[in-house]
Amino acid sequence: MDTLTARDLARRSQAAARAGDRDAWLALFADDAIVEDPVGPSPLSPDGAGHRGTEAIARFYDTVIGQVEGLRFEIERSYLCGDEVADVGIIHLALPGGHSSQVRGVFTYRSDGAGRIAALRAFWEFDNPR
């Protein structure tokens, strides 16, 4: 059994995204993992089904994370329960053209029990970033 907790995987995911390390970020996910960011229908997932599997998650990275010039996670609280962690906080985004945005929400990560992320779900209001 792997000794990485869901919190460990969350921190690795956040560090890879912050570093712009696409390969390291993608390597954290199980082959059948899902990314729902945000959860439910949005311009990033019009049908609300999220992004399931390696190819879909890679496309999500390229069209979302890969387009920001920088990001920083400010985790205010973190709750580890079994194979899941819920992080409450803010993602600070540096956007092209000198713009910035903040996304306040709850970000959950579920481990597959074998050292990889089975699910990343982000609860935030797409129409209400700061």
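A residue counts as buried when its relative accessible area is under 20%, as exposed when that area is over 50%, and as partly exposed in between. The structure discussed here is a predicted model. A search of the whole structure finds 5 salt bridges. The points below describe some of them, including the pair Glu 36 and Arg 121, and then turn to a glycine in a loop. As background, side chains of opposite charge can pair when their charged atoms come close.

**Glu 36 and Arg 121**

- Glu 36 and Arg 121 form a salt bridge in which the closest N and O atoms are 2.7 Å apart.
- This pair links distant parts of the chain, since Glu 36 belongs to strand 1 (residues 29–36) and Arg 121 to strand 6 (residues 117–123), 85 residues apart.
- Glu 36 has a relative accessibility of 13%, and because the cut-off for buried is under 20%, Glu 36 counts as buried.
- Arg 121 has a relative accessible area of 29% and is therefore partly exposed.

**Arg 11 and Asp 87**

- A second salt bridge joins the side chains of Arg 11 and Asp 87, with an N to O distance of 2.6 Å.
- Arg 11 sits in helix 1 (residues 6–19) and Asp 87 in strand 4 (residues 84–94), so this contact ties together parts that are 76 residues apart in sequence.
- Asp 87 has a relative accessible area of 0%, so Asp 87 is buried.
- Arg 11, at 30% relative accessibility, counts as partly exposed.

**Arg 104 and Glu 76**

- Arg 104 and Glu 76 also form a salt bridge, and their closest N and O atoms are 3.1 Å apart.
- Arg 104 is part of strand 5 (residues 100–111) and Glu 76 is part of strand 3 (residues 70–81), so the pair ties together parts that are 28 residues apart in sequence.
- Arg 104 counts as partly exposed because its relative accessibility is 42%.
- Glu 76 has a relative accessible area of 35%, so Glu 76 is partly exposed.

**Gly 113 in its loop**

- Gly 113 lies in the loop between strand 5 and strand 6.
- With a relative accessible area of 29%, Gly 113 is partly exposed.
- Gly 113 and Ile 57 are 56 residues apart along the chain, and their C-alpha atoms are separated by 20 Å.

Note on methods. Residues numbered from 1 in each chain as written. Predicted model: local features only at pLDDT ≥ 70, side-chain atom pairs only at ≥ 80, totals over all residues. Heavy atoms only, no water. Salt bridge = Lys/Arg side-chain N within 4 Å of Asp/Glu carboxyl O. Helix = DSSP H or I, 4+ residues; strand = E, 2+ residues; numbered from the N terminus. Buried < 20%, exposed > 50% of the residue type's maximum accessible area, 1.4 Å probe, protein only.
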